[in-house]
Every structure is written in structure tokens, then in C-alpha cells.
Amino acid sequence: MSSQPQPTILVIEDHKEFQELVTALLEGEGFKVVAASTSAAALAALDMLRPALILLDSSLPDGDGVHLARAIRAKRVAAPIVLMTTDS
């Protein structure tokens, strides 16, 4: 029996607790999760993977989500991007 690879979701979130919560929920549903806390880390991760979905925080320590989404599209990453935010 061959198993299909798990879809990968890139979670770009700088709040550690929320990043851990989202990761645990998604992994519990069978997804592989790669997490990044900054725009720079996210762009570096995208050099090595092509996620099925990107969950993107609207505000990061080194930039905002809209600019990062544009940079992701400039890298020709076709995955859907969901912009999210949390109240602190």
C-alpha cells in the first residue's frame, strides 16, 4: 500500500502561542506544517518547498502581510494565501 504525501501548509505567524495552536490543529488533521515567524524566514522556506496553502499573519516583525503576499506571488508560488490576524 502506497501512502500519498501529506499536503504542506506554511504558517507565517510571529506570535508563538498562536503559531503552536494552528500547527497542532492542522497536524491533528493530517497536514504537514512548516512554520515561519518572519517575512525573511517565510521567503527562505519557499525556496525549499511548495505548500498547498499559506496562512499569513497580517503583521510581522519585519513587514506586513500584504507586502509579503506580493513577494510570495513574485516567486511564482501559486498556493492560496489566507491573510489572518489576531487581537493581542
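Residues are numbered from 1 along each chain as its sequence is written, and side-chain values use heavy atoms, leaving out hydrogens and water. Because the model is predicted, local features need pLDDT of at least 70 and side-chain atom pairs count only at pLDDT 80 or more, while totals for chains, interfaces and linings use all residues.

β3 and β6 are joined in the parallel sense over four bridges, and Leu55 stands opposite Val82 in β6.

Strand β1 (residues 8-12) holds Leu10, which is buried, with a relative accessible area of 0%. Buried means under 20% relative accessible area, exposed over 50% and partly exposed in between (1.4 Å probe, protein chains only). Beyond its neighbours within four places in sequence, Leu10 is in contact (heavy atoms within 4.5 Å) with residues including Val34, Ala42, Leu46 and Ile54.

In soluble globular proteins, nonpolar side chains tend to be buried together. A nonpolar core is a set of buried Ala, Val, Leu, Ile, Met, Phe, Trp, Tyr and Cys residues joined through side-chain atoms within 4.5 Å. In the largest such core, of 15 residues, Ile12, Ile54, Leu56, Leu68 and Ile72 touch the most other members. Two or more residues of this core come from each of β1, α2 (39-46), β3 (53-57) and α3 (65-74). Another core, of seven residues, lies apart from it and has Val11, Val22, Val33 and Met84 among its members.

Which residues of α1 are buried? They are Gln19, Val22, Thr23 and Leu26. These residues cover an arc of only 100° around the axis, which puts them on the same side of α1; the arc is that of the directions from the helix axis to the C-beta atoms. β1, β2 (32-36) and β3 are included in what covers the buried residues of α1. On the face turned away from the buried side, α1 carries the exposed residues Glu17, Leu25 and Gly28. Just after this helix, Gly30 takes a positive phi of about 95°.

Conventions: Pairing = 2+ DSSP bridges.
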